[in-house]
Amino acid sequence: METPETDPQREYFPFLYSFKDAISEIPQKYRLEIYEAITDYAFFKKEPELKTTFARFAWKVIFPILKKSWQKVENGRKGGGQLNNSNAAKRVKNEQKTSKAIANIEYERSTIQANADIERDNEKEKINNNNNDENEVSMIGGQQPSRKRETKSFTKPSLQEIKDFISENSFSVDPEAFYDYYESNGWMVGRNRMKDWKSTIRRWNRTEYQQKRVIPTSTPEMAGSGAEVEKDYKDYSERF
């Protein structure tokens, strides 16, 4: 705020304590603007163009008092004497009380609004900073942040569940043989933990594991001939 270059229209003005009390409540960085506004109007009668919310609310409280002060000066210049009796003193005191009460109300209102604005700006800045941090992490090495793969835990089926599934699909798998086999090896498929027992049953149904062992019986010609009986069977001891 620029100070007018013309000479001041008066040499002094009443700076009330209520002015200082109201100004001391606002943040330090906003005080200079309101002090400049007070002196410009008090000496040059120049109304300010305030930029900050704090200064505008403080000015609403201070301006009526400065305006009355100017009215008294102008009345005195027109021939009116300055009031100095007891009634004038009481009037000044009442004006000070009123201005202080108004200042407190306006200050509380402006503080609430200003704090809300500050909190909103801080929240926006915090969100922007978090987004920037996430973007920086995702760009390291040209890779996206790693995400843990969600794995579904295996639940061992009961014998009845196996029977029901085989029956519903008309499979030729022996449910008891299937259950006993995997119950004995801890429900492992090779070296890995079983993930889907239904899929394993379907695989059993498609393979030769369901064929019975074939052991040919000896014929009368083979009996007593000393020839060894060849056993045509397959070894199913190794499951997958």
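Student: Are Phe178 and Trp187 buried or exposed?

Tutor: Keep in mind that this is a predicted model. Phe178 is buried, and so is Trp187.

Student: How do you know that Trp187 is buried?

Tutor: Its relative accessible area is 3%, and buried means under 20%, so Trp187 is buried. Trp187 sits in the loop between α6 and β1 (188-189). Its phi is near 60°, a positive value in a residue other than glycine.

Student: What makes the pair of Phe178 and Trp187 edge-to-face?

Tutor: Two values go into it. A pair of aromatic rings is described by the distance of the centres and the angle of the planes. For Phe178 and Trp187 the centres are 6.3 Å apart, with 65° between the planes. Centres within 6.5 Å count as a pair, and planes over 60 degrees apart count as edge-to-face, so the pair of Phe178 and Trp187 gets that label.

Student: And why is the pair of Tyr182 and Trp204 called tilted?

Tutor: Here the centres are 5.8 Å apart and the planes make 50°. Under 30 degrees would be stacked and over 60 edge-to-face, with the rest counted as tilted, so 50° makes Tyr182 and Trp204 a tilted pair. Tyr182 lies in helix α6 (residues 175-184) and Trp204 in helix α7, so the pair ties together parts that are 22 residues apart in sequence. Tyr182 is buried, and Trp204 is too.

Student: Which residues form one aromatic cluster with those rings?

Tutor: The cluster is made of Phe154, Phe178, Tyr179, Tyr181, Tyr182, Trp187 and Trp204. Across the structure there are 19 aromatic pairs.

Student: Which residues make the contact, and how do they divide by class?

Tutor: On α5 they are Glu161, Ile162, Phe165 and Ile166, and on α7 they are Trp197, Lys198, Ile201 and Arg202. By class, the contact of α5 with α7 has five nonpolar, no polar and three charged residues.

Student: What makes α2 roughly parallel to α3?

Tutor: Helix α2 (residues 31-44) and helix α3 (residues 53-77) pack at about 20°, with axes 10 Å apart. Angles under 35 degrees count as roughly parallel, so α2 is roughly parallel to α3. The crossing of α2 past α3 is right-handed. In α2, Glu33, Ile34, Ala37, Ile38, Tyr41, Ala42 and Phe43 meet Ala55, Ala58, Trp59, Ile62, Phe63, Leu66, Lys67 and Trp70 of α3. That contact of α2 with α3 has 13 nonpolar, no polar and two charged residues.

Student: Back to single residues. Why is Ser170 called exposed?

Tutor: Its relative accessible area is 66%, and exposed means over 50%, so Ser170 is exposed. Ser170 is in the loop between α5 and α6. Its phi is positive, about 55°, although Ser170 is not a glycine.

Student: How do you know that Ser18 counts as buried?

Tutor: Ser18 has 10% relative accessibility, and the limit for buried is under 20%, so Ser18 counts as buried. Ser18 is found in helix α1 (residues 17-23). Setting aside neighbours within four places in sequence, Ser18 is in contact with Ile65, Ser99 and Lys100.

Student: What makes Val189 partly exposed?

Tutor: Val189 has a relative accessible area of 21%. Buried would need under 20% and exposed over 50%, so Val189 is partly exposed. Val189 lies in strand β1. Its C-alpha atom is separated by 8.8 Å from that of Thr200, eleven residues apart along the chain.

Student: How many helices and strands are there, and what share of the chain is buried?

Tutor: There are seven helices and two strands, running α-α-α-α-α-α-β-β-α from the N terminus. Buried residues make up 25% of the 240 residues in the protein chain.

Methods. Residues numbered from 1 in each chain as written. Predicted model: local features only at pLDDT ≥ 70, side-chain atom pairs only at ≥ 80, totals over all residues. Heavy atoms only, no water. Contact = heavy atoms within 4.5 Å. Helix = DSSP H or I, 4+ residues; strand = E, 2+ residues; numbered from the N terminus. Nonpolar A, V, L, I, M, F, W, Y, C, P; charged D, E, K, R; others polar. Phe/Tyr/Trp six-rings, centres within 6.5 Å; stacked < 30°, edge-to-face > 60°. Buried < 20%, exposed > 50% of the residue type's maximum accessible area, 1.4 Å probe, protein only. Axes fitted to C-alpha atoms, helices over the stretch in contact; angles between N-to-C directions. Parallel < 35°, antiparallel > 145°, perpendicular 65-115°, else oblique. Left-handed = near helix turned anticlockwise from the far one by under 90°.
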